[in-house]
Every structure is written in C-alpha cells, then in structure tokens.
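Please keep the sequence and the model side by side while reading.

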Amino acid sequence: MYAAIQVWGGRWLWRKRSTTRPRQPDVFISYSHRADHDLAPAVRTGLAHLARPWTRTPALKVFLDENDLTATPTLWPDIEKALADSQYFLLLASPEAAASGWVRDEVDYWRRHKDPSRFLFALTHGAAPQWDADATDYDWNATDALPDVLRGYFTHEPKWVDLREGRFDRADLRDLRFQDAIATLAARVHGRSKSDLVGEDIQQQRTFERRRNAAVAGLVGLLVVAILTGVGLFFQVRETREQRDAAELQARIATSRALAAQAANLIGDEDDLAYLLALEGLRLGATREPVDALNQALTNDRLARTLRGHRGAVSSVAFNANATLVASGGWDSTVRVWDARSSRQLRQLEGHTGGVSAVAFSPKDAVLVTAGNTSDATVRVWNTETWEQVVPPLLQAGGAGRLAFSPDASLLASAGSGDSVRLWDTRTWTELSDPLIHPGGVTALAFGADGTLATGGADKTVRLWNPRTRQQLGDPLPGANRGATGVTSISFSPDMRLLAIADANLFGTVTLLDLATRTAIGDPLQGHSSVVPQVAFSADGQWLATASWDGDVRLWDPNTRQQIGEPLTGHDDPLFAVTFSSVGRRLAIGTADGSVRLLDPDNVKETGGLLRGHRDSVTGVEFSGDEVVTAGLDGTVRRWDPKTGKPAGKDLIGAGDPLPPGQIFRTDDSRAGYRGPVTAMAMRPGPTLVGALGLVEEDVWIWDVENGKKLVKELDEKGVEAIAFHPSRDVLAAGSDGTVRLWDARTGRQLVGSPIADAGTVSALAFHPRTGLLAVGAFDGSARVFDIDTGKPIGPPLKAGTGKVEALAFDPTGERLAVAGVAVQLWDLPSGQPLGPPMRGDAGGMNSVAFHPSGKLLATGGDDKTVRIWNAETRQQVGEPLLGHSGPITSLAFHVDGEMLASASDDDTARVWGPQLWIREACRRAGRNLTETEWDRYLGDRPYTRTCQEFDAGEGAEPNAGIGSAYPTLYDIYLG
C-alpha cells in the first residue's frame with residue numbers, strides 16, 4: 001500500500017506506507033519569514049544533506065515550515081508537537097525574529113521545556129551579540145537580534161555562527177564558508193568533530209560522483225528515445241494539470257463569494273452562523289467579499305450569541321448565580337436551559353399549559369422557578385441538578401407573570417394580573433400568611449440587596465415593603481410619567497441608592513429615583529421610541545440596561561444619567577426581557593422572534609482590535625514589536641496588546657505612584673511637570689525602542705518606551721505640529737513655526753545646518769527609508785523634499801491641491817511619496833510628477849496615510865471615519881471601507897510584517913485591523929463550529945473540518961475532525 005505523506009518543509013511525496021514509527025525531527029529551525037525566507041530553506045537543506053550517504057534519507061531531520069507563520073495561527077499545535085519532539089533548537093537570529101510573536105512563542109516554549117545546551121543560533125541580520133562573562137548573560141543593551149525571553153536562560157555562551165550577508169557568496173554547501181558554518185552547527189547535533197563531518201561529506205560526494213558517472217553513460221541511450229516520446233506527453237500532462245487547477249481555483253472563488261453572500265444575509269439574524277460562513281469563505285479563497293462580510297458582522301453586530309429553539313416570543317430570561325446557565329421562558333409553553341458558554345441548549349422543561357411569563361434562579365442556584373400566564377396560573381419549582389419538579393405546582397390566581405427571590409433565597413415573591421403579591425417560604429414551599437395588596441394590580445416586582453421588596457402597579461405608583469413584617473414602608477412613590485398607563489419594570493441599584501422605574505409610555509421613559517430622598521433625579525431617561533418592558537442594573541451598579549419594543553437595548557451610566565455608546569441594535573422585532581449576569585456584565589435579551597441574545601458589552605467595547613482607554617482624541621499610533629503604542633490629547637501615551645485590546649507593558653514611571661496598567665507616560669504627572677496634550681508622536685525601532693512626543697505650546701520629549709523614562713532633556717521646540725525619526729540615524733526632525741529643526745536624539749543638541757528654512761508652515765514630516773532626504777508638508781497644500789545634510793530642497797514643490805497637508809508617507813523603495821490632504825496624491829519622486837488622479841473618501845479630507853511593507857498596498861484614513869485600502873499600483877480602492885470608528889481618522893501604521901494595520905481616531909479610540917484578529921474575534925463570538933447539517937448545506941461535499949480550532953466539532957460531525965487549511969494573509973486578501 002502507498003500513501004501521500006508530508007515531509008518537513010511542506011513537500012508531498014508518494015512513499016510505501018510504513019508501519020514503523022515516524023522519525024522525530026533532530027533540529028527545529030525558528031526564524032522570521034520576512035527576514036530569512038530565502039536563507040532558512042538553505043540552512044535546512046545544508047543540515048539535512050551534510051555527510052548524507054547518497055543512498056539514504058537525510059542525515060538530519062529538520063523541522064522548517066516554509067509558510068508565513070504569521071498568517072497561520074492554527075498551526076500552533078503542530079508547531080508545539082514538533083518542538084517537543086526535536087532534539088535541538090536553531091534560531092536564525094535577526095531584529096525581525098526578535099520582534100516576531102511566533103519566534104518569541106517558540107523560543108519561550110523551548111526555554112520552559114528544554115535544556116539550554118541544545119539551543120543554537122545563527123546570526124543572519126543585526127549586531128553581533130556580546131557575552132557579558134560577569135553577568136553570565138548577553139549584554140541586552142547591545143543585542144538587537146535575540147528575543148528578550150532568552151534573558152537569564154544561558155549558563156554559558158551558546159554556540160553560534162555568523163550567516164550575515166557578505167559572509168558567503170551563495171547559501172549552499174558548494175560555498176566553503178557556508179559549508180563551514182553549517183558544519184559547525186551540524187557537528188553539535190551529530191556529536192562529532194567538524195573535521196570528521198566535513199571529511200565524511202567529501203567522501204560521500206566522491207562515491208556519489210563515481211556511481212553517477214557510471215549510470216549516466218547507460219542512461220544516455222535510453223534518454224534519447226524517451227525524449228522523443230516524452231516531450232509530447234509532458235506538455236499534454238502539464239496542460240491538463242493547469243486546466244484542472246484553474247477550474248478548481250474558480251470553483252473555490254465562486255464558493256467563497258457565495259458563502260460571503262450567505263453570511264451577509266444572516267447578520268442580525270443568525271449571527272453565529274454568519275461568522276462561521278464568512279470564515280469558511282475566507283479560507284476557501286483569498287477574496288475580499290468574506291472580509292467585507294466579516295467586518296460588517298464584527299462592526300455592526302454587537303450580539304455575541306444567538307440562542308434559538310423557542311417557537312414563540314421569549315418573555316423572560318435569567319442567569320444562574322455563576323452565569324454559566326441561562327433560562328428562558330416562552331409563549332410556546334416551554335422553559336429552555338442553555339449553556340451560557342457554548343450556547344447549546346441543555347434542557348427543555350415542559351409542564352406549563354400556557355405561555356411562560358417569568359423565570360428566576362434562586363441566588364444559591366438550588367432551584368429554578370417558572371411562572372405561567374393567566375391560562376396556566378401556576379408556579380413550578382425545578383431542581384437544577386435533576387431538572388425534576390421539587391413540589392407540585394404552586395397556584396397563583398390570575399397567573400404569575402412576575403417572580404423575585406429575596407437576596408438570601410429564603411423568600412419567593414410572585415404576582416399575577418391581580419392586586420396580590422404572594423410570599424413563599426423556600427424551605428417548605430408554603431405560602432406565608434395573607435398576600436400583600438397593591439391596589440389596581442401588580443405589574444412589576446423586585447427585591448433590593450437589603451431585603452426590601454418593591455412592587456409597581458397599574459395605579460402608576462411604586463410601593464416599598466418589609467416582607468418580614470408585611471408592612472408598607474412609607475407612602476407610595478410616583479412611578480409613571482405623563483401619558484403612561486402604569487409601571488412595567490423596576491430594579492434596585494446594588495448599593496440601594498437608586499431605583500430605576502420603567503413605565504408603559506409610548507415614548508419609552510425611565511425614571512431614576514433617589515431612595516434616600518424618595519424623589520426623582522432630574523428628567524426621565526429618554527431615547528427609546530416605544531414602551532420599555534424591562535430595566536436591569538449591572539451587578540457593579542455602573543450600568544443600567546433598558547430593553548424596548550423598538551428593538552433596541554440601551555446602556556446608561558446611572559451616575560451621570562448619560563447613555564453609554566450607541567444603542568445595541570440588530571433586532572427587527574420587539575424586545576420583552578433583559579437581565580444582567582451577577583458575575584461580570586453580561587446581558588441576556590428575550591425577543592419577540594423567539595430567540596435569546598447573549599451580549600458581553602465589556603468585550604464589545606474592548607474586543608481584540610478595539611483599544612479604548614484615552615479620554616480625548618488619539619493623535620498618534622505606532623507598532624512596538626507586537627504591541628501598539630498610542631498617544632492622545634489627554635496627555636497620555638499607552639501600550640496595548642492588539643490581540644486582546646487590553647493594556648500591556650509596565651505600569652510605572654520611575655519612582656512614585658503607579659499609573660493605570662498600560663499607561664507608560666502621563667505628561668501632567670507631578671513627577672514630570674505639566675505638559676498637556678500630545679499632538680505628535682514618532683517611534684524609532686532599535687535595541688532600545690525610543691519615542692518622541694510633541695506637546696502643545698511646550699517642548700519635545702524623547703523617552704524610552706520600555707520604562708517611560710526621558711532619555712534626554714526636553715528639546716527647545718515650541719508648538720510642534722509634526723515630528724519624525726530618521727530610520728537609521730539618531731536624528732529627530734521637528735516642525736513648527738515655518739521651520740524644521742534637526743536634533744541629535746541621543747544628546748538633545750540641535751544639529752549643524754539646522755533649521756531648514758523655506759519649508760512653509762510645517763504640518764507633516766516623513767523621512768526617506770534609505771537616504772538623508774526629508775519630506776515636509778505645509779499648510780498651503782504643498783510638499784517639498786530636502787536633503788538634511790545640506791538643508792537644500794530637492795526639486796520644485798509638489799502641489800496638487802489646496803488645504804493643509806495632513807500626512808506624508810514614502811513607499812519602501814523611496815521612489816513614491818503619498819501626500820494626504822483634501823485627497824491622497826501619489827508622486828513619482830525621480831520625475832517629480834503626480835501618479836494618476838488623487839484618491840478620495842466619501843466626504844471631507846484625508847488625514848492619514850501609510851504604505852504596506854510590500855509597497856503594493858496603501859491605507860488611508862479620513863474625515864469620513866473610514867479606513868480604506870488601495871492598490872498602490874493602480875490607485876484603485878480594494879474592497880469596502882473598514883468601518884468602526886465614530887470620528888475622523890488621525891493616524892495609521894502597518895505592522896512590520898504587514899499583517900496588522902492600526903488606526904487612531906478623534907473618537908478617543910484606536911483600532912487594529914487584520915485577518916488574525918478578525919478570525920479570533922469571529923470565533924469567540926460564534927462560540928462553536930458548523931454542524932454537519934450546516935456544513936452539508938453550505939459547503940456540499942467538501943470534507944468537514946473545524947472552522948475554529950478552539951472549539952469541538954459541530955453536532956453530527958466526527959469528534960476528531962481536523963482543522964481547516966490556513967487562512968490567507970492580509971496581502972493575499974487585498975492583492976491575491
């Protein structure tokens with residue numbers, strides 16, 4: 001029997017099936033694909049073939065993935081297994097590798113699980129590392145090619161070789177210097193001397209040559225005959241293969257686009273399925289349609305999960321105490337219990353003979369209580385372990401449309417359509433004496449944290465009760481606004497300061513009552529356009545949620561009485577119920593369409609990709625390795641983990657009080673003296689990541705990004721509009737008041753020949769990526785290029801429009817300059833001519849621009865609050881705009897590997913865009929994989945695979961189903 005097997009490096013071979021255990025890799029190579037995509041395969045080949053007998057398999061088995069690992073996070077389990085099985089670790093060290101998250105993860109795994117004596121590295125780029133014998137570690141201030149996770153790992157200097165450019169002519173074993181370097185590494189792995197290894201390699205090559213020459217003579221005759229017949233066959237086979245591949249590609253693209261269309265149609269209806277179909281469309285073909293659908297879903301849909309099963313409206317929802325379960329009651333006479341984490345239905349409780357109007361878990365999770373409507377008139381008690389009824393149904397005349405447990409779970413209050421409230425002893429499930437009476441009929445019910453019971457009624461009042469003494473506490477409180485027919489819902493704040501009251505008013509008004517003074521606080525909360533049937537406070541009291549028949553959920557700050565963000569829309573049908581979990585601030589929503597929606601507002605505000613924390617406009621954004629650094633008019637500079645949207649890095653600035661996590665710099669800090677808003681920011685990568693800040697009517701600061709400390713005294717530069725670091729020199733350019741000054745970034749001294757005059761009123765700066773040229777943008781809409789060594793302009797001004805130049809960007813070759821203002825104009829610098837017409841947004845100007853590291857894509861951000869991707873060659877927009885910001889875009893930056901794009905905005909936030917972030921967030925929201933039925937319906941006869949690796953296979957699919965193929969990169973999506 002034969003089978004297709006994959007050898008390390010990504011190639012497929014046909015080989016006779018073997019029953020022996022596969023050979024484990026001897027060496028694991030970790031490298032930056034961007035820096036060493038050509039060199040790494042040569043190193044692998046050298047290690048595998050040095051001293052290899054010509055009739056045998058490679059001398060060493062080497063693990064090296066030739067794919068761009070930054071685009072394939074689903075490969076990590078395979079990578080981890082290869083690391084565990086490998087005997088030696090070889091790092092191709094470079095600054096790009098040191099900054100790579102994948103390399104850092106691989107090195108960190110080896111550090112935690114393997115012996116440092118089996119760690120080798122080859123220096124491919126950057127400064128040679130210096131070993132500090134006294135510290136028994138490398139001098140990390142002088143080392144830029146090693147990941148910092150290796151600090152303190154080595155007990156003595158590890159073996160390494162120098163493979164930097166210029167050390168050899170060609171990267172193969174025929175180059176003696178390259179062979180020597182490979183032999184040095186291979187000798188460690190083989191456990192033999194280098195001379196023995198090289199000698200054996202020479203002997204094997206000679207043996208091979210003798211046998212090869214003998215075989216060639218015999219084959220020449222056969223070859224002449226074979227050529228004549230084989231050439232025709234070769235071209236015929238190749239043509240057939242090409243036609244087959246083209247047909248397969250077209251089929252994949254067609255399916256990809258069809259899945260994207262299906263996903264777009266499901267947004268707001270079956271959100272989890274929409275995410276999964278968009279992801280499968282993205283995997284099948286590097287087309288933009290699935291990305292557009294995915295971004296539409298992630299941006300517009302705030303509903304994390306949709307739970308379907310009821311065949312009628314959902315009138316009540318409840319979380320259990322630890323928020324792991326959700327119960328829902330519906331007009332279909334059923335109660336359904338859901339797993340809040342996986343969204344799966346766990347139970348369907350039947351017994352009610354009419355619609356279920358209320359559900360409530362006891363605070364201690366021992367029971368779930370459900371109430372039927374007027375046609376059922378029962379209260380049923382269910383054991384939460386067996387899901388059997390604990391006692392016979394409790395009778396409630398007129399139905400039991402409202403339920404509430406006391407905080408200690410000893411009492412249950414129930415009310416129907418009449419004016420009575422019944423109190424039940426939860427130990428015996430017997431009624432306590434006579435009911436409480438609320439004249440006119442009870443329409444709302446709630447317990448407070450201190451045990452106070454509140455009832456709302458059709459008489460437009462709210463009454464407070466001591467349920468133990470059964471006495472009313474004071475006079476009735478006003479509960480409804482003008483035009484309302486009664487109270488629909490009430491909720492106590494956890495600290496018992498406030499009582500929220502919703503009334504049956506077609507304008508959807510909610511009143512906040514001060515319980516100490518028993519008076520309303522200000523005017524009612526307004527925003528809904530229909531009745532609000534339910535209100536709920538979050539467990540921490542910081543949020544108040546209101547659900548309305550208008551299909552919206554609104555979040556309010558009860559302290560300021562202001563709405564938080566935009567309404568949580570996405571429902572075409574009325575909403576009947578809303579509740580917060582007692583753990584965190586998760587929302588469950590009951591809808592008229594029979595679904596239950598689960599929403600995590602905290603994660604909506606800070607999903608991976610959305611960076612929220614600044615209190616004013618974000619003026620600058622840059623990448624620092626795999627972190628994001630932002631600066632704002634609130635006077636802070638912050639570091640973020642783009643994968644989680646959470647603060648990252650150190651939270652201290654020297655000595656003194658700690659700052660909030662992730663805030664590395666605060667210009668109004670008492671230790672630094674007041675400086676105010678940050679108007680400009682620039683970053684210079686290197687062994688020490690350095691940043692510069694431009695401050696309103698103040699000086700320029702240069703600081704160490706790692707610890708927030710200033711490196712030099714403030715530069716005497718007032719009212720700075722723009723700053724920029726030279727990519728390879730310690731030079732900082734700062735523009736203000738019609739001049740550009742050049743500063744030594746190490747000493748803070750102004751350089752000779754500075755300032756550069758005749759630059760106009762400076763508004764933007766950008767250094768050429770390879771030379772000493774500086775582009776300067778001005779308020780009059782022109783841009784000029786200067787030689788910083790002479791201070792002289794190069795060529796005439798570049799002017800294609802009016803208005804301020806907002807941003808400048810050179811492409812990686814330095815031959816094109818993008819000038820952003822009213823529009824974005826590309827210029828050919830050698831000729832000084834514009835390249836085609838300008839690129840524009842929907843409205844307003846363009847405030848920011850950035851080139852992709854490939855130079856083939858261009859990102860722009862404008863007053864229209866969108867980020868747009870353009871083909872830099874054709875100057876045509878690619879795909880739909882990226883939506884999400886609610887204010888103009890102020891700054892853009894690509895990650896060094898081109899897989900993430902960061903944007904800053906006047907809406908006080910920054911965002912990070914990229915396939916891996918979209919995939920991670922879509923899987924988190926979907927919370928599952930496709931079922932076998934869904935797969936068959938939408939993907940036909942393609943073999944089932946898991947869309948999201950973190951979740952089990954969907955219902956009906958094989959439990960051990962594999963993970964799908966790798967997702968495309970950002971580059972492939974927009975230019976594939």
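In what order do the 4 strands of the open sheet stand? The order is β56-β57-β58-β59, and the pairing is antiparallel. Note that this is a predicted model.

β56 (807-810) and β59 (833-834) are the edge strands. Each has a single partner strand, so one side of each lacks a neighbour in the sheet.

Look at the β59 end. Strand β58 (residues 824-828) runs antiparallel to β59, and 2 bridges join them. Tryptophan 827 has its bridge partner in β59: proline 834.

Strands of a sheet pair through backbone hydrogen bonds, either parallel or antiparallel.

## Two hairpins that share β54

Strand β53 (residues 773-778) and strand β54 (residues 782-787) are antiparallel, with 5 bridges between them. One of the pairs sets leucine 773 against aspartate 787 in β54. The two strands form a hairpin with 3 residues between them. In that turn, glycine 781 has a positive phi of about 90°.

β54 also pairs with strand β55 (residues 792-799). This pairing is antiparallel too, over 5 bridges. The hairpin of β54 and β55 has 4 residues between the strands. Here glycine 791 takes a positive phi near 75°.

Which residues of helix α3 (residues 76-85) are buried? They are Ile79, Ala82, Leu83 and Asp85.

Key:
Residues are numbered from 1 along each chain as its sequence is written. This is a predicted model: local features need pLDDT of at least 70, side-chain atom pairs count only at pLDDT 80 or more; totals for chains, interfaces and linings use all residues. Side-chain values use heavy atoms; hydrogens and water are left out. Two strands pair if DSSP finds at least two bridges between them. Buried means under 20% relative accessible area, exposed over 50%, partly exposed in between (1.4 Å probe, protein chains only).
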